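Reader: I am new to this structure. Please show me how to read it, one feature at a time.

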Amino acid sequence: MAQSQGWVKRYFKAFCKGFFVAVPVAVTFLDRVACVARVEGASMQPSLNPGGSQSSDVVLLNHWKVRNFEVQRGDIVSLVSPKNPEQKIIKRVIALEGDIV
């Protein structure tokens, strides 16, 4: 019985060490470097969700390019919806600052 509790205690200790290291690293990575987003709806067709398929596409959002203001025409960006702040929208950049649209 003592060996069983020793094994559980070692396992729990190792799990806690890994957990308390992995969670802050993962949160920092997702907040500062990149994150994954799901694209639903028809606004990005035909590039994403082609043919009106019921499945949704997944994109990797690069936070570094936005932070360094390296956005170019044709890039896909994600932003908070002005109508519903709880919703994120994904759009394609068609013009940059100073362009006449």
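**Reading the model**

Author: From the N terminus on, the elements run α-β-β-α-β-β. The chain has two helices and four strands. Helices (H or I, at least four residues) and strands (E, at least two) are DSSP runs, numbered from the N terminus. This is a predicted model: local features need pLDDT of at least 70, side-chain atom pairs count only at pLDDT 80 or more, and totals for chains, interfaces and linings use all residues. Residues are numbered from 1 along each chain as its sequence is written, and side-chain values use heavy atoms, with hydrogens and water left out.

Reader: What share of the residues of the chain counts as buried?

Author: Buried means under 20% relative accessible area, exposed over 50%, and partly exposed in between (1.4 Å probe, protein chains only). Of the 101 residues of the chain, 13% count as buried.

Reader: Which residues make up the largest nonpolar core?

Author: In soluble globular proteins, nonpolar side chains tend to be buried together. A nonpolar core is a set of buried Ala, Val, Leu, Ile, Met, Phe, Trp, Tyr and Cys residues joined through side-chain atoms within 4.5 Å. Here the largest one has eight residues: Cys 35, Ala 37, Val 39, Met 44, Leu 48, Val 59, Leu 61 and Ile 90. Strands S1 (34-39) and S2 each supply at least two residues of this core, and the largest share, three residues, comes from S1.

Reader: Which residues is Ala 37 in contact with, leaving aside its neighbours within four places in sequence?

Author: Contact means heavy atoms within 4.5 Å. With those neighbours left aside, Ala 37 is in contact with Asp 57, Val 58, Val 59, Leu 61 and Ile 90. For the chain, residues 24 or more positions apart account for 36% of the contacts with a separation of 6 or more.

Reader: Is Leu 60 buried or exposed?

Author: Leu 60 is exposed, because its relative accessible area is 63%. Its place is in strand S2. Not counting residues up to four places away in sequence, Leu 60 touches Ala 34, Cys 35 and Val 36. The C-alpha atoms of Leu 60 and Ala 34 are separated by 6.7 Å, with the two residues 26 apart along the chain.

Reader: Where does Ser 81 lie?

Author: Ser 81 lies in the loop between S3 and strand S4 (88-92). With a relative accessible area of 9%, Ser 81 is buried. Its side chain reaches the backbone nitrogen of Lys 83 at 3.3 Å. Beyond its neighbours within four places in sequence, Ser 81 is in contact with Gln 87 and Ile 89.

Reader: What is the volume of the largest pocket, and which elements each supply at least two residues of its lining?

Author: Rolling a probe the size of a water molecule over the atoms shows where empty space is left. On a 1 Å grid over the protein atoms alone, a pocket is an open set of points where a 1.4 Å probe fits, with protein on both sides within 12 Å along at least five of seven lines; lining residues have an atom within 4 Å of a point. The volume, the space filled by probe spheres set on the points, is about 390 Å³ for the largest pocket. Strand S2 (57-62), helix H2 (63-67) and strand S3 (76-80) each supply at least two lining residues. The largest share, five residues, comes from S3. The largest pocket is lined by 17 residues, of which Leu 61, Asn 62, Val 66, Ile 76 and Ser 78 lie nearest its centre.

Methods. A polar contact is a pair of N or O atoms within 3.5 Å; within protein, one must be able to donate a hydrogen and the other to accept it, and residues adjacent in sequence count only if both atoms are side-chain atoms.
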